[in-house]
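Reader: Before we look at any single residue, could you show me how to read the fold as a whole and then one side chain within it?

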Amino acid sequence: MKEHDVFLLQGSNKEDKKKYLDKSLILMSKKIGKIVKISSYFESEAWNMRNYSIFYNRALHIKTNYSPIDLLNQVLNIEFLIGRRRNFCKEHYQDREIDIDILFYDRIIICNFILTIPHPLLHLRRFVLEPMCEIAPNKNHPIFNLSILEILGLCMDKLYVKKIL
C-alpha cells in the first residue's frame, strides 16, 4: 500500500490549548499514520473571528495510507474525540478545542463539495504559513507553483503570529 505525504495544521483557542494539540497529535499518530515532522507551537490572533481567544497552531507532516476522503473522516473523528462539536448553522468561525485542517495531500488537487486540497485559504493565512515554513519551506504548492517560503513572502496577512516554546 502506498504511503502518502500529508501536511496538516492543528489549531486550538480554548482552555489548555497545548493539551488539545498534544492529545490530537497522539490520536493522529495512532489513527492516521507516522508523524514525520512537527513544527513549534505558534501563537496567533484569530483569523476572521470576533470575540476570540488567542490561538495556538502547529503544522505536521504525516505519512498515511488513507485516501483523501478517509483521511478527512479520520480527522473529523479525532476532532470529535477531543471534544469539538461543530455548529453548521453559525455564520462565523467559532472557538474550538481542536481544529485540524488538511493543507496538502501529496501533490494532488481536489475541489468538490466535501473536500478541497490544497487548503483554499492557506496562502492568505500567516498562521498557517509560518509553521509550514518551519517544517517544509520548500514544499511546492501544486496550484501556484510556488514554495511555502515564497508564498509567505507574498502574504498580505498582518495578524500577529509568534513562535512560542
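**From fold to side chain**

Author: Contacts, meaning heavy atoms within 4.5 Å, show how the chain is tied together: in this protein, residues 24 or more positions apart account for 70% of the contacts with a separation of 6 or more. The model is predicted, so local features need pLDDT of at least 70 and side-chain atom pairs pLDDT 80 or more, while totals for chains, interfaces and linings use all residues. Residues are numbered from 1 along each chain as its sequence is written, and side-chain values use heavy atoms, with hydrogens and water left out.

Reader: Which pattern does the protein follow along the sequence?

Author: Helices (H or I, at least four residues) and strands (E, at least two) are DSSP runs, numbered from the N terminus; here the pattern is β-α-β-β-β-α-β-β-β-α-α-β.

Reader: Where is D157 found, and is D157 buried or exposed?

Author: Buried means under 20% relative accessible area, exposed over 50%, and partly exposed in between, with a 1.4 Å probe and protein chains only. D157 is found in the loop between α4 (148-154) and β8 (161-164), and D157 is buried.

Reader: What is the nearest side chain of opposite charge to D157?

Author: A salt bridge is a side-chain nitrogen of Lys or Arg within 4 Å of a carboxyl oxygen of Asp or Glu; Lys and Arg count as positive, Asp and Glu as negative, and His and the chain ends are not counted. D157 has no salt bridge, and that nearest side chain, R126, is 5.4 Å away.

Reader: Which backbone nitrogen does the side chain of D157 reach at 2.9 Å?

Author: That of L159, while the backbone nitrogen of R126 lies 2.8 Å from a polar atom of the D157 side chain.

How values were computed:
A polar contact is a pair of N or O atoms within 3.5 Å; within protein, one must be able to donate a hydrogen and the other to accept it, and residues adjacent in sequence count only if both atoms are side-chain atoms.
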